Amino acid sequence: MDHRLVVTAAHCLAGDHRHQDFAFVPGYRTGASKAGQAGESPYGIFPVQEGKVWVDARYRASTPDDDVDFAFLSVGPNTRGQLLEDAVGRGNELTSVPTAKLARKSVTLVGYPGGQKTPLQCTNDTTAFQGRFMEIKCDGFRSGVSGGPFLENFDGRRGSLVGVIGGYKTGGLYDHTSYASQFDEDILRLYRQALTGMPSDPNPGTDTGTSMGTAETWTHARVMTTGRFHTASVRNNVGDLLVRWSDGELSLYPGNGAYGFGKDIQLVKDKAWQQAAVITAGDFTGDANYDLLVRWTDGRLTLFKDVNESTKLTDKVELKGPNDTWTHASTMAAGRFGGGNTRSDDLMVAWTDGEVTLYTNVDGKGLHAEKRLVKPPDTTWPHARDVAAGDFHPGTGDQDLFVRWSDGEVTTYESIAAELFGREHRLLPAKSPWRDALLVTVGPFGGPARQNDLVALWPGGKLTLHADTTSASLAAGRVLVSP
């Protein structure tokens, strides 16, 4: 790490500290060996430099994102003119932690509780928590330990830094259990910014050159859907974003499990795909790999099986040839709608005349049982602009149906198969700003065991993510691509 950088938890820096005086005092001991001393500072005091604080913009948001509860500080020299590492020696090695390796052996936790004369130290194995935090059991780590390191290969002075106390409930609710936000690409990006002296990204992933591209590019998006396509996403139960563009290209943006996406992967670029009018994704073939269901402008219905970054769209089944009936299928959503089944293999279809039908247990051989949810003619459902399945109540089995209407109302429905839209939750009223949205889709972009998130495309190519949406509230948007 840099000779001047210190890492801590972002929640330790809540508020605006640009004009406050604070410092890093390595090896500090409460009390004094000499009269008049507040405490011992064997290496000196290293003041934090004004304006040299790096906190991820998602943590500075009105609702802080606990996935990025870490921060970097740049400190100036001590009174002897020494830089931090010149005084204390080489620092810990910042180490990334994949989602699959949050459970680790022999990790040392160090923290300095309030009122404690010397830091506490404990070594234990960690476990994965919610698929995005590191959890460790260590007694006595009470208030004041936030920002303390999780260290592997600790030799008594330094080790591999794999976390800092923070994240879930700002580090935990109890003295015996502590947490750390996952050290993934987010902290490496923030570290690079601190290392080069660049300001923190105002909106990570929004500018030219990022994985999501530019706003001009996104003005050409025509269809969006969500599923688990990338091999890593299937393994980690993370949502990916799939986009059909105006030129017939189909792109896959792998989810990173932390409300972001990796660089796009081209699945196909063919003008014939300009005729792909409606697309949805589900596990129709029952092998945990998501399939694409496409309704074309001529009424054809095609199933592309087990789509991923390698096989792409090579395995397809024509479920219906050209026909007049399916040209009237205006929206489709695949999900778990049929009574607690574990696969996303039910298909809800809204038709241009207002009819809504549910096909349960769709598979590689086609559509089978059909249930009419809304009889035609109906004057409401022709105004459904985006429909998608979502887990807005994790752990309930069946998924909810998300609907954005043409007038800006946003609603979710529970148990649509059992109660025929009986339990409706209005997230936004009519005439809300969401009437201006162009496309909306739903997915688990924050990882498993959490409420689903919304991705919305707006005029001018702006792309936003609304994390952990519930049936009671729609979260404020985080900008992925700025206009």
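Predicted model: local features only at pLDDT ≥ 70, side-chain atom pairs only at ≥ 80, totals over all residues.
Residues are numbered from 1 along each chain as its sequence is written, and side-chain values use heavy atoms, without hydrogens or water. Local features need pLDDT of at least 70, side-chain atom pairs count only at pLDDT 80 or more, and totals for chains, interfaces and linings use all residues.

**View A. Y168 and Y179 form an aromatic pair.** Rings of Phe, Tyr and Trp (its six-membered ring) pair if their centres lie within 6.5 Å; planes under 30 degrees apart are stacked, over 60 edge-to-face, and the rest tilted. By this rule there are 19 aromatic pairs. Y168 sits in the loop between β13 (160–164) and β14 (177–181), and Y179 in strand β14, so the pair ties together parts 11 residues apart in sequence. Strands (E, at least two residues) are DSSP runs, numbered from the N terminus. Y168 and Y179 are both buried (under 20% relative accessible area, 1.4 Å probe, protein chains only; exposed is over 50%, partly exposed in between).

**View B. F129, F133, Y168 and Y179 form one aromatic cluster.** F133 stands opposite S181 in β14. Strand β11 (residues 133–137) and β14 pair in the antiparallel sense over 5 bridges; strands pair if DSSP finds at least two bridges between them.

**View C. Strand β14 is mostly covered.** Of its 5 residues, 5 are buried. T177, Y179 and S181 point one way; S178 and A180 point the other.

**View D. W381 and W405 are both buried.**

Notes:
Helix = DSSP H or I, 4+ residues; strand = E, 2+ residues; numbered from the N terminus.
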